[in-house]
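Subject: Handover of a structure and its findings

Dear colleague,

Please find below the structure that I am handing over to you.

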Amino acid sequence: MEESSPTNLISKALSYTSKPRRFYWLAPVFVIILYIAVMIAFFSLQKIQTNLLPYFIDNNEALQHLLNLTIIALSILIIMSLFVMWHYIRQRLKTEAALETETIFRRAMENSILTGMRVIDMTGKIIYVNPAFCRLIGWDETSLLGAVQPYPYWVPGRHKEHMRNMELVLNGKTPNSGIELEVQRKDGSRFTARLYVSPMRNSDGHQIGWMTSMTDITEPKRVREALSAAHERFMTVLESLDDAISVARDTPNGVEILFANRTYRHLFGSQPYGHEELFKQYNESTDDTNQYYIPLVDIWFEVHHRTLSWTDGRKVRLQVARDITERLKHEQESLNQQEKIQITSRLTTMGEMASTLAHELNQPLTAIVNYNTAAMNLLKSGQTENPMLITALEKSATQAERAGRIISRIRAFVKRNDPRRQRASINRIVSNTLDLAEIDARKHGKQIEAYIEPDLPDVFADPILIEQVLLNLIKNGLESMINSKETVVRVLVNRSNKYVEVAVIDRGHGIKEPEQLFKPFFSTKPEGLGMGLNICRSIIESHNGQLWATPNPDGGTIFRFKIPFANSTHTIATDKEHT
């Protein structure tokens, strides 16, 4: 059986009807017949004229005139026929040129299109493929035209799957989104393709086959799967976070939640209440903190807000709220523990000063006893008017006040109170500390010299804690000078911008790396625990200040700390803290 050519396959399948052109040969035939008739008529008339001239000598002129008219009429008819034929041929040439141009244009489109096009008849036989389809699967046109199932590009071993897809195509049940299938090229490589199908109809509207378009979606599918995996991982991370994350936008009807992770939904459901409440507190807050309390869930949150562009270009608000209730609880417990450590530190300091304190109190008490004995002797001798009696009593009272002051300083220093920052005089803090430090100075045979700059503003601090820091620094300076010939520890109090700076200068043995002193459990004393200076730094930093140490150029060490002056900002912040 003779194999049909590609052109015959297409023309047979399409079977488009065209206008009949069966009589296009009549015009030239008619012209030839007219020409022959004219010639016959001309010769016949000439012969008749010759034969009958003797008999119709009188009618010669009329006959000649008739002959001329006949020739003219036939000539006009020939000219008109030739004009009609020329017009027809000219129109035909134009039509053929247009068809040729359109054919070239369509062929150029077929060669340029990147989508593989394939036409099958109602039985599934391939009757047309474009070059892009051939390039896509690696098979040439001659190998594909006329091919039936299974097609050469079907994946071996998966023909059942391809047959199911082919049944969908032939039954017209393919989805609008197309069919995804795997295709094998001629070289054995495979790719993922998407096949779209539409019915192909002739000019009468009768379906004669199916037009399919095939595109390689291997790379887009890989990118899509990668994006989908990345999105899934991102959503998994967001859903597993302990922070409540929400994205919302403002609408005329209120706040609309665009996204909320698992933690937010667990706390507030799908409602925008939590987002609105936290954002409202954020706008109404006058301080720099971003910690807010939500009564509905009884939780403290640390909140961060950011405005960003949503996927559709709208401006939305991202909110990240972290539950810090436990953290605040632990911080408070840590503060309480630190207070206990501070009390213990003060008690330890007082334990070290106990023997010196006993000696210090013994002097005023002995003086009181002596002055009272002298007064009693004067009274017993009846010298009630003796001026020495009044002097003795006044000195006795002075010594009693001195002993009382010493005991009051010690009690105030050791007494356990909650930290209470207030406006306090730095002069009074230094003076009270020096009263206590003088006891230890006399014990070691040293002296303390203090210089306080005049007219210093008040500081915002807990006086007892600052006294503890200053006393600890002075004691360290005195102890470092035990084996030194130098006998003076200097205390300087000056203004430094918005801070008061206190410097304790000793002439002891010094240390190469002063910053090591503030590390926990680091000590230069054999019996030291290494916690004193670390506690002191914590106290100063809790007052928004700084504590540091530098080597003394003259030998020894200089300890400095600074705390801010009292102002309205500190007062407001503290009131809120206590509230």
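A nonpolar core, as the term is used here, is a set of buried Ala, Val, Leu, Ile, Met, Phe, Trp, Tyr and Cys residues joined through side-chain atoms within 4.5 Å. Please keep in mind throughout that this is a predicted model.

The largest core

The largest nonpolar core has 38 residues, and the members that touch the most others are Val-459, Leu-470, Leu-473, Ile-474, Val-493, Val-500 and Phe-561. At least two residues of this core come from each of the following elements: helix 13 (426-444), strand 13 (459-461), helix 14 (463-480), strand 14 (488-496), strand 15 (499-505), helix 15 (532-542), strand 16 (546-551) and strand 17 (557-564). Helix 14 gives the largest share, with eight residues. There is also a second, separate core of 23 residues, and among its members are Leu-144, Ala-147, Val-183 and Met-214. As a general background, nonpolar side chains tend to be buried together in soluble globular proteins.

If neighbours within four places in sequence are left aside, Val-500 is in contact with Ile-426, Leu-456, Val-459, Val-493, Asn-494, Phe-561, Lys-562, Ile-563 and Phe-565.

Helix 14

Helix 14 has 18 residues, and the distance from its first C-alpha to its last is 26 Å, close to the 26 Å expected at 1.5 Å a residue. Of these 18 residues, 17 are buried, so the helix is largely enclosed by the rest of the structure. Glu-467 is found in helix 14. Is Glu-467 buried or exposed? Its relative accessible area is 8%, and a residue counts as buried under 20%, so Glu-467 is buried. The side chain of Glu-467 is joined to that of Asn-432 by a polar contact of 3.4 Å.

Five strands form an open sheet in the order 2-1-5-4-3, with antiparallel pairing. Its edge strands, strand 2 (126-129) and strand 3 (179-184), each pair on one side only. On average, neighbouring strands of this sheet are turned by 35° against each other, direction ignored.

Two hairpins can be followed within this sheet. Strand 3 and strand 4 pair in the antiparallel sense over six bridges, and Gln-184 stands opposite Arg-190 in strand 4. The hairpin formed by strand 3 and strand 4 has five residues between the strands, and Gly-188 in the turn has a positive phi of about 95°. Strand 4 (residues 190-201) also pairs with strand 5 (residues 207-216), in the antiparallel sense and over nine bridges. In strand 5, Trp-210 is the bridge partner of Pro-199, and Thr-215 is the bridge partner of Arg-194. Strand 4 and strand 5 form a hairpin with five residues between them, and Gly-205 in the turn has a positive phi of about 85°.

Two helices lie across strands of this sheet. Helix 6 (residues 159-170) lies across strand 1 (116-121), strand 3, strand 4 and strand 5, and runs at about 130° to strand 3. Helix 7 (residues 218-240) lies across strand 3, strand 4 and strand 5, and runs at about 115° to strand 4.

Val-119 is found in strand 1. With a relative accessible area of 5%, Val-119 is buried. Leaving aside neighbours within four places in sequence, the residues in contact with Val-119 are Lys-125, Ile-126, Ile-127, Tyr-128, Met-200, Trp-210 and Met-211. Val-119 and Val-129 are 10 residues apart in sequence, and their C-alpha atoms are 6.5 Å apart in space.

A further hairpin

Strand 8 and strand 9 (residues 299-309) pair in the antiparallel sense over four bridges. In strand 9, the bridge partner of Tyr-293 is Trp-300. This hairpin has four residues between its strands, and Asp-298 in the turn has a positive phi of about 55°. Strand 8 (residues 291-294) has a covered face, Tyr-292 and Ile-294, and an uncovered face, Gln-291 and Tyr-293. In general, the side chains of a regular strand alternate between the two faces of the sheet.

The chain as a whole

The protein chain has 16 helices and 17 strands. Of its 579 residues, 34% count as buried. Among the contacts in the chain with a separation of 6 or more, 56% are between residues 24 or more positions apart.

Yours sincerely

Notes:
Residues numbered from 1 in each chain as written. Predicted model: local features only at pLDDT ≥ 70, side-chain atom pairs only at ≥ 80, totals over all residues. Heavy atoms only, no water. Buried < 20%, exposed > 50% of the residue type's maximum accessible area, 1.4 Å probe, protein only. Contact = heavy atoms within 4.5 Å. Pairing = 2+ DSSP bridges. Axes fitted to C-alpha atoms, helices over the stretch in contact; angles between N-to-C directions. Expected span 1.5 Å × (residues − 1). Polar contact = N/O pair within 3.5 Å; in protein donor to acceptor, adjacent residues only side chain to side chain.
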